[in-house]
Amino acid sequence: MPPLPTSISRRHLLRAGGVLAGMAALPLLARGNADAGRALGPAAEPGAGRLIEADFTAAERMTALPCFDGHKLPLWTFTEDPYPPVIRMALGDTLEARVANALPGEEHLTVHWHGLRIANDQDGVPFLTQPPIEKGERFIYRFTPPDTGTFFFHTHCNTVTSLGRGLAGILIVEGDETEPYDADETIVLKDWRLNAAGGGFDDFYTPAGAARAGTFGSVRSANGAVNPAIEVPAGADVRLRILNVDATRTVGLGVRGAAADAAVIAIDGCGVAPFPSRYMLLGAAQRVDMVVRTPGEGGIVEIIDFRLSEPKVLAHLRAVGPKRRGTPFDPAPLTAPRMAAPDLDNATMLPFELASSPLGAAVTEWGSGSLCTPGATFWSINKTSWPGLAESRESLPPPIATLERGRTYVFELANISKQSHPMHLHGHSFEVIETLKSELPVHRADTVMLVPRERARIAFVADNPGDWMFHCHIIEHQETGMMSYVRVA
Ligand code: C2O
Ligand code: CU
């Protein structure tokens, strides 16, 4: 590895204890705190708790989303609900999701609750945490989310196809507001890979895409529409929950029309002291909550992907009604995350190098008949490529690391490849404590973006026992090698 820059900020010195002080320093996040808004509120306390019941039958349903231009397409969905389905619950509530498999062919499935720190046997990874739900079978997930925030759920096998066909849902756990905002809108970003005629899908997996940045869709959408208008109150503080549920796309997210008056309040569902939102990468599976002060009646705020040569408007807010607020913009913070603080003085460092596969190019064709078995290897973590999902628990590879329960770990991630990798860890949220390139402040997350040559240190207490996937969320990368798991024992 090339030597790291040695600039050490004062805040780094304040934080750095034995282990971190002994390491080469990465530039600290949030150079200076001048921008930071009000501090987070005290962590939320769970309420009495209700039982929220959800019946899912994963199946192909012909669906005419507004972005399909009059066509009905064979989506895979969990329910008959309009796209995207959203479950809202309160901190303390228990979700019981009864999932039946009526997907076409021999497709099996599990449901993974992305970002939720729940028990390992509810985490929904086939063979690793449960047997897959076979055709005609049913599985009941039951858990009480320990955290508030903006989450989503999706399958964890043949995910490139199932996500491509829309099989995902949004899960919102409420209870994190210190003061109410004037509105709360969910914006789900996803591209659809329509074929030239627009009446069907192109292949979701392509070897050329898998070996590079992934296979992109052709139609950008927000909530299933092309640049929808979302009506919001005028002169108001509106909470936006923006989720990237695409299998591939990294969005360069920005807001136009209220540039000075937008603040990030949460990343991956985890509250962060409000900071001005200018431009941030939102990789596959990443979420950001923002507060936008809307303009007067009739005013427009655009949600834009600035990462393209031509900025692309993904959705826009249209302000309606009388002005709600006259005070200067000073967005209320959320409550603090409910996770244990990492003990950096006594942390164990684990390096992870993200690279293209040492095996080189594809070894076989994409095996469409063998579910969960990509048959091609392009990517690796620490020179190891996931061999393709096994047919049984016994045939899984060993964990890439075994973590001692209760101990703090610092993962030192280095991307030495030419592509970006949004890396996701199951069952835990980590603190992104240092990065080489990112301009974000120190924050909690479950997915961290590593652009080419990016390096990042993430820290967390390994307090959730079990086997937890650690993989890239560009699904074609995940399914062609950039996948592993850690064992917390
Ligand atoms: Cu949303 Cu294993 O991931
Ligand atoms: Cu990747």
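This is a predicted model: local features need pLDDT of at least 70, side-chain atom pairs count only at pLDDT 80 or more; totals for chains, interfaces and linings use all residues.
Is Arg 325 buried, partly exposed or exposed?

Residues are numbered from 1 along each chain as its sequence is written, chains are lettered from A and ligands numbered from 1 in the order in which they are written, and side-chain values use heavy atoms, with hydrogens and water left out.

**Exercise 1. Classify Arg 325 and describe its salt bridge.**

Step 1. Arg 325 has a relative accessible area of 23%, so it is partly exposed.
Step 2. Its partner is Asp 237, at 3.6 Å from N to O. A salt bridge here needs a side-chain nitrogen of Lys or Arg within 4 Å of a carboxyl oxygen of Asp or Glu.
Step 3. Helices (H or I, at least four residues) and strands (E, at least two) are DSSP runs, numbered from the N terminus. Asp 237 lies in strand β12 (residues 237-244) and Arg 325 in the loop between β19 (312-320) and β20 (348-356), so the pair ties together parts 88 residues apart in sequence.
Step 4. Asp 237 is buried, with a relative accessible area of 2%.

**Exercise 2. Survey other salt bridges of the structure.**

Step 1. The whole structure holds 32 salt bridges.
Step 2. Take Arg 38 and Glu 179: their closest N and O atoms are 3.1 Å apart. Arg 38 sits in the loop between α2 (18-21) and β1 (51-63), Glu 179 in the loop between β8 (168-174) and β9 (183-192), so this pair ties together parts 141 residues apart in sequence.
Step 3. Arg 38 is partly exposed at 31%. Glu 179 is partly exposed at 33%.
Step 4. Take Asp 93 and Arg 50, which meet at 2.6 Å, N to O. Asp 93 is in the loop between β3 (86-90) and β4 (94-102) and Arg 50 in the loop between α2 and β1, so they tie together parts 43 residues apart in sequence. Asp 93 is buried, with a relative accessible area of 2%.

**Exercise 3. Which residues coordinate the copper ion (ligand 2)?**

Step 1. Donors are N, O and S atoms within 2.8 Å of the metal (3.2 Å for Na, K and Ca); water is not among the atoms, so sites may look incomplete.
Step 2. The donors are His 421 (ND1), Cys 472 (SG) and His 477 (ND1), at 2.0 to 2.1 Å.
Step 3. Their spacing along the chain is H-x50-C-x4-H. His 421 lies in strand β24 (residues 421-425) and His 477 in helix α5 (residues 475-478), so the two tie together parts 56 residues apart in sequence.
Step 4. Both His 421 and His 477 are buried.

**Exercise 4. Trace the pairing of strand β14 (residues 262-267).**

Step 1. Two strands pair if DSSP finds at least two bridges between them.
Step 2. β14 is antiparallel to strand β17 (residues 287-293), with five bridges. Ile 267 has Val 288 as its bridge partner in β17.
Step 3. β14 is also antiparallel to strand β15 (residues 270-276), with four bridges.
Step 4. β14 and β15 form a hairpin with two residues between them, and Asp 268 in the turn has a positive phi of about 50 degrees.
Step 5. Six of the six residues of β14 are buried.

**Exercise 5. How is the ring pair Phe 352 and Phe 470 classed?**

Step 1. Rings of Phe, Tyr and Trp (its six-membered ring) pair if their centres lie within 6.5 Å; planes under 30 degrees apart are stacked, over 60 edge-to-face, and the rest tilted.
Step 2. The structure has 16 aromatic pairs by this rule.
Step 3. For Phe 352 and Phe 470 the centres are 5.2 Å apart and the planes at 70 degrees, so the pair is edge-to-face.
Step 4. Phe 352 is in strand β20 and Phe 470 in strand β29 (residues 466-472), 118 residues apart.
Step 5. Both Phe 352 and Phe 470 are buried.

Key. Buried means under 20% relative accessible area, exposed over 50%, partly exposed in between (1.4 Å probe, protein chains only).
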